[in-house]
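Welcome! Let us take a walk through a protein model together, starting with the whole and then turning to a few of its details.

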Amino acid sequence: MSGIVVAVSSNGTYSFSKPNRDSVRLLAGLGVEGDVHSGTTVKHRSRMAQDPTRPNLRQVHLVHEELFAEVGEQGFEVAPGELGENITTRGIDLLALPVGTLLHIGDDVVLTVTGLRNPCLQIDNFQDGLLKRVVGRDDAGNVVRKAGIMSIVTEGGEVRPGDTVKAELPSGPHQALGPV
């Protein structure tokens with residue numbers, strides 16, 4: 001399974017959306033250099049309020065560009081970085097990856113997938129009604145989260161639009177992604 005990087009985004013201050021960049025540097029064990037969510041312990045405000053000593057399993061947020069087309073058909077206009085992601089991809093089914101998948105990006109970077117982004121009300125503050133489009137239920141009544149995946153940086157380096165993304169699935173039984 002492979003795809004490409006469409007855009008990279010970061011922001012040094014807390015805001016919902018992140019501006020696109022020409023490149024971002026990923027730091028092993030930390031996240032995106034200069035990004036407000038970079039660090040070994042949780043940096044998302046809601047998680048810091050619960051327990052600021054917990055490990056940061058949300059160092060790098062990835063969203064598949066195909067989601068933008070899906071919500072676009074429902075009247076929403078979303079561009080790379082606007083959902084707060086650091087890396088926007090195309091051609092790889094991020095949501096189908098199991099926990100522990102290694103994402104090889106470009107020549108150097110390796111991310112380890114930790115789970116799903118758990119979308120919050122900030123999405124509706126960005127565009128009213130969008131939250132219901134990125135979180136829903138399947139036919140069995142299970143919650144389906146579509147707002148991307150979270151990962152940690154295993155091997156750092158530069159990431160740029162156009163870089164390849166290749167998934168290396170973990171061995172053994174696969175664990176489906178859950179919210180982190």
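Predicted model: local features only at pLDDT ≥ 70, side-chain atom pairs only at ≥ 80, totals over all residues.

The protein chain contains four helices and 13 strands. If you look along its principal axes, the C-alpha trace spans about 35 × 35 × 35 Å. How does the radius of gyration of the protein chain fit with that of a compact globule? A compact globule of 180 residues would have a radius of gyration near 16 Å, and the protein chain has 15 Å, so the two agree. As for burial, 43% of the 180 residues count as buried.

Now turn to the largest pocket, which has a volume of about 460 Å³. It is lined by 21 residues, and those closest to its centre are His37, His44, Arg58, Cys120 and Gln122. Which element gives the largest share of this lining? That is helix 1 (residues 45-50), which supplies three residues. Sorted by class, the lining is made up of ten polar, six nonpolar and five charged residues.

Next come the aromatic rings. The structure holds one aromatic pair. Its partners are Phe16 and Phe126, whose ring centres are 5.5 Å apart. Why is the pair called tilted? The planes of the two rings stand at 35°, and an angle under 30 degrees would count as stacked while one over 60 would count as edge-to-face, so this pair falls into the remaining class, tilted.

Phe16 sits in the loop between strand 1 (2-9) and strand 2 (20-21), while Phe126 belongs to helix 3 (residues 122-126), so the pair ties together parts that are 110 residues apart in sequence. Phe126, at 25%, is partly exposed.

Our last stop is Gln74, in the loop between helix 2 (66-72) and strand 6 (87-90). With a relative accessible area of 38%, Gln74 is partly exposed. Its side chain is joined to that of Arg133 by a polar contact of 3.2 Å. In sequence, Gln74 and Arg133 are 59 residues apart, and in space their C-alpha atoms are 8.2 Å apart.

Definitions and conventions. Residues numbered from 1 in each chain as written. Heavy atoms only, no water. Phe/Tyr/Trp six-rings, centres within 6.5 Å; stacked < 30°, edge-to-face > 60°. Helix = DSSP H or I, 4+ residues; strand = E, 2+ residues; numbered from the N terminus. Buried < 20%, exposed > 50% of the residue type's maximum accessible area, 1.4 Å probe, protein only. Polar contact = N/O pair within 3.5 Å; in protein donor to acceptor, adjacent residues only side chain to side chain. 1 Å grid on protein atoms, 1.4 Å probe; cavity = no way out; pocket = protein on both sides within 12 Å on 5 of 7 lines; lining within 4 Å. Points joined across faces, edges and corners; volume = space filled by probe spheres on them. Nonpolar A, V, L, I, M, F, W, Y, C, P; charged D, E, K, R; others polar. Rg over C-alpha atoms; globule rule 2.2 N^0.38 Å.
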